[in-house]
Amino acid sequence: MTWSGGLLIAVPAHNTSRTCPDCGHIARENRRTQAEFHCVSCGYENHADVVGALNVLARGHRVLACREVSSGLGRKAKTEPASMKQEPAEETVRFAA
């Protein structure tokens, strides 16, 4: 992977096919069948494999950007994902001498 210019990041796959990539709602009812995903909270619909892939990609980006090591899920189902945090921005001030 490195030789061809890629980067492999391992992320936990727990609930990736049950989490809505649009609103973040996690529920067993979101995944109606093996292939069908329909969010009971916001109505987002897609193929369950596509939803899982979108969530794994988003977790990988959060791990890379924020060095997040957890699953990226909130402590309660109704909370925002832990990855919604933002890193502090650096401020540079230049004074005229």
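# Reading a predicted chain: contacts, helix, cysteines and core

Q: In this predicted model, what share of the contacts with a separation of 6 or more comes from residues 24 or more positions apart?

A: Residues 24 or more positions apart account for 30% of the contacts in the chain that have a separation of 6 or more. Of the 97 residues of the chain, 22% count as buried.

Q: Which secondary structure elements does the chain have, and in what order do they run from the N terminus?

A: The secondary structure comes to one helix and two strands, and the elements run β-β-α from the N terminus on.

Q: Which residues of H1 are buried, and what do the buried residues pack against?

A: The buried residues in H1 are Ala48, Val51, Gly52, Asn55, Arg59, Gly60 and Arg62. The buried residues of this helix pack against strand S1 (36–38) and strand S2 (45–47).

Q: How many disulfides does a search of the whole structure find?

A: A disulfide is a covalent bond between the sulfur atoms of two cysteines. In this structure, the search finds zero disulfides. Cys20 is in no disulfide, the nearest cysteine sulfur being that of Cys42, 3.6 Å away, and Cys39 is likewise in no disulfide, with the sulfur of Cys23 as the nearest cysteine sulfur at 3.6 Å.

Q: Are Cys20 and Cys39 buried or exposed?

A: The general idea is that a residue counts as buried when its relative accessible area is under 20%. Cys20 has 2% relative accessibility and so counts as buried, and Cys39, at 1%, counts as buried too.

Q: Which residues make up the largest nonpolar core?

A: The largest nonpolar core has five residues, namely Cys20, Phe37, Cys39, Ala48 and Val51. Phe37 counts as buried because its relative accessibility is 1%. Leaving aside neighbours within four places in sequence, the residues in contact with Phe37 include Cys20, Ala48 and Val51, as well as Pro21, Asn30 and His47.

Q: What geometry does the aromatic pair of Phe37 and Tyr44 have?

A: The general idea is to consider both the distance between the ring centres and the angle between the planes, with angles over 60 degrees counting as edge-to-face. The structure holds one aromatic pair. Phe37 and Tyr44 form this pair, which is edge-to-face, at 6.2 Å centre to centre and with 65 degrees between the planes. Tyr44 has 21% relative accessibility and therefore counts as partly exposed.

Q: Which residues form the salt bridge?

A: The structure holds one salt bridge. Arg32 forms a salt bridge with Glu36, and the closest N and O atoms are 3.8 Å apart. Glu36 counts as partly exposed because its relative accessibility is 35%.

Q: Where is Glu29 found, and which residues does Glu29 touch?

A: Glu29 is found in the segment before S1, and at 52% relative accessibility Glu29 counts as exposed. Not counting residues up to four places away in sequence, Glu29 touches His38 and Val40. The C-alpha atoms of Glu29 and Ser41, twelve residues apart along the chain, are separated by 10.0 Å.

Definitions and conventions:
Residues are numbered from 1 along each chain as its sequence is written. This is a predicted model: local features need pLDDT of at least 70, side-chain atom pairs count only at pLDDT 80 or more; totals for chains, interfaces and linings use all residues. Side-chain values use heavy atoms; hydrogens and water are left out. Buried means under 20% relative accessible area, exposed over 50%, partly exposed in between (1.4 Å probe, protein chains only). Helices (H or I, at least four residues) and strands (E, at least two) are DSSP runs, numbered from the N terminus. Contact means heavy atoms within 4.5 Å. A disulfide is a pair of cysteine sulfur atoms within 2.5 Å. Rings of Phe, Tyr and Trp (its six-membered ring) pair if their centres lie within 6.5 Å; planes under 30 degrees apart count as stacked, over 60 as edge-to-face and the rest as tilted. A nonpolar core is a set of buried Ala, Val, Leu, Ile, Met, Phe, Trp, Tyr and Cys residues joined through side-chain atoms within 4.5 Å. A salt bridge is a side-chain nitrogen of Lys or Arg within 4 Å of a carboxyl oxygen of Asp or Glu.
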